[in-house]
Amino acid sequence: MDLKGKVAWITGGTSGIGKATTLLMSRAGAKVAPLGLKQEKLDAVTAQIEKEGGEVLPLKANLRNPEEVERAAQAVVDKWGEIDIVVANAGINGTWAPLEDLSVEEWDLTQEVNLRGTFLTLKYAVPHMQKKGGSIVIVSSVNGTRMFSNTGASAYATSKAGQVALAKMVALEFAEDKIRVNVICPGAIDTSIEDNTEHRDLDEVQVPVEFPEGQIPLTGGKPGTSKQVAELIAFLCSEQASHITGSEMWIDGGQSLLQG
């Protein structure tokens, strides 16, 4: 994938899918600006890219803070003059619990990070993209878009469904500016996001279903990789996808077809 000379801003760009995307785009010739919360992870990604001869601008910011997001977008433009690619990847699984046990604060946190954070990312990036166009990819999920069997994931699924609606709305809004907006919906991917998920009292509400051959038909239950997702993101940001906008794409090995 040739992204030579492009400037890419990747939120959540220091781990999992975001890190894989940052590294892949750098290797494809893009100048990359990964955004993250933890300095040590930013340092590690920066060192790896610089060792490989790439150009990188690490950005520490909290997507819950509009001023920090706006400053991050401006920092990219101050350094490289433009933003060509935005990957709105940062997000949390949050708390998975029966609806009556889910606190208002837990619900709000998931919406604030996943959906409001995506809105803020696009809000502050788009003005810098309108002069010459570009590509935006929002990382959603199978949950809330084609799969609804993960009982207890109401807050997460709602935030992910909202991302798909947002992508479709702004794809049309930004079309005249030659900005393409697409959304991808990964299924089970080998990342560490599950480590930060709180599961509470789900045995009471989950419908018991067993899949003896595994939940992912294409691989016999083996999850996908961050690199596979990054390759789809890079494709959608490349010239090969120049006529694709307002589309959602599932990358799950058929998981959501089985579990939907």
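I began with helix H1 (residues 16-27) and helix H2 (residues 39-51), whose axes come within 10 Å and cross at roughly 20 degrees. Axes here are lines fitted to C-alpha atoms, for helices over the stretch in contact, and angles run from 0 to 180 degrees between N-to-C directions. H1 and H2 are therefore roughly parallel to each other (angles under 35 degrees count as roughly parallel, over 145 as roughly antiparallel, 65 to 115 as roughly perpendicular and the rest as oblique). Their crossing is right-handed; that is, the near helix is turned clockwise from the far one by less than a right angle. I listed the contact: Lys19, Thr22, Leu23, Ser26 and Arg27 from H1, and Val45, Gln48 and Ile49 from H2. Contact means heavy atoms within 4.5 Å. By class, the contact of H1 with H2 has three nonpolar, three polar and two charged residues. Ala, Val, Leu, Ile, Met, Phe, Trp, Tyr, Cys and Pro count as nonpolar, Asp, Glu, Lys and Arg as charged, and the others, Gly among them, as polar.

Notes on provenance. The model is predicted: local features need pLDDT of at least 70, side-chain atom pairs count only at pLDDT 80 or more, and totals for chains, interfaces and linings use all residues. Residues are numbered from 1 along each chain as its sequence is written, and side-chain values use heavy atoms, with hydrogens and water left out.

Next I looked up serine 26, which sits in helix H1. Is serine 26 buried or exposed? Serine 26 is buried, with a relative accessible area of 10% (buried means under 20%, exposed over 50%, partly exposed in between, with a 1.4 Å probe and protein chains only). Leaving aside neighbours within four places in sequence, serine 26 is in contact with Val32, Ile49 and Gly54.

I then took the pair H4 (residues 104-129) and H5, whose axes come within 8 Å and cross at roughly 20 degrees. That makes H4 roughly parallel to H5. The crossing is right-handed. Residues in this contact include Trp107, Phe119 and Leu122 of H4 and Tyr156, Leu166 and Val170 of H5. By class, I have eight nonpolar, nine polar and one charged residues in the contact of H4 with H5.

For helix H6 (residues 226-236), I noted the buried residues: Ser226, Val229, Ala230, Leu232, Ile233, Ala234 and Leu236. They pack against H1, strand S4 (85-88), strand S6 (134-139), S7 and strand S9 (248-251).

Two lysines came next. Lysine 178 lies in the loop between helix H5 (154-173) and strand S7 (179-186). Its phi is positive, about 65 degrees, although it is not a glycine. Most residues other than glycine have a negative phi. Lysine 178 is exposed, with a relative accessible area of 63%. Lysine 60 is in strand S3 (residues 59-60) and is exposed at 55% relative accessible area. Not counting residues up to four places away in sequence, lysine 60 touches Gly36, Leu37, Gln39 and Leu42.

Last, the whole protein. I found seven helices and nine strands; these are DSSP runs numbered from the N terminus (helices H or I, at least four residues; strands E, at least two). The C-alpha trace spans about 55 × 40 × 40 Å along its principal axes. Of the 260 residues, 50% count as buried.
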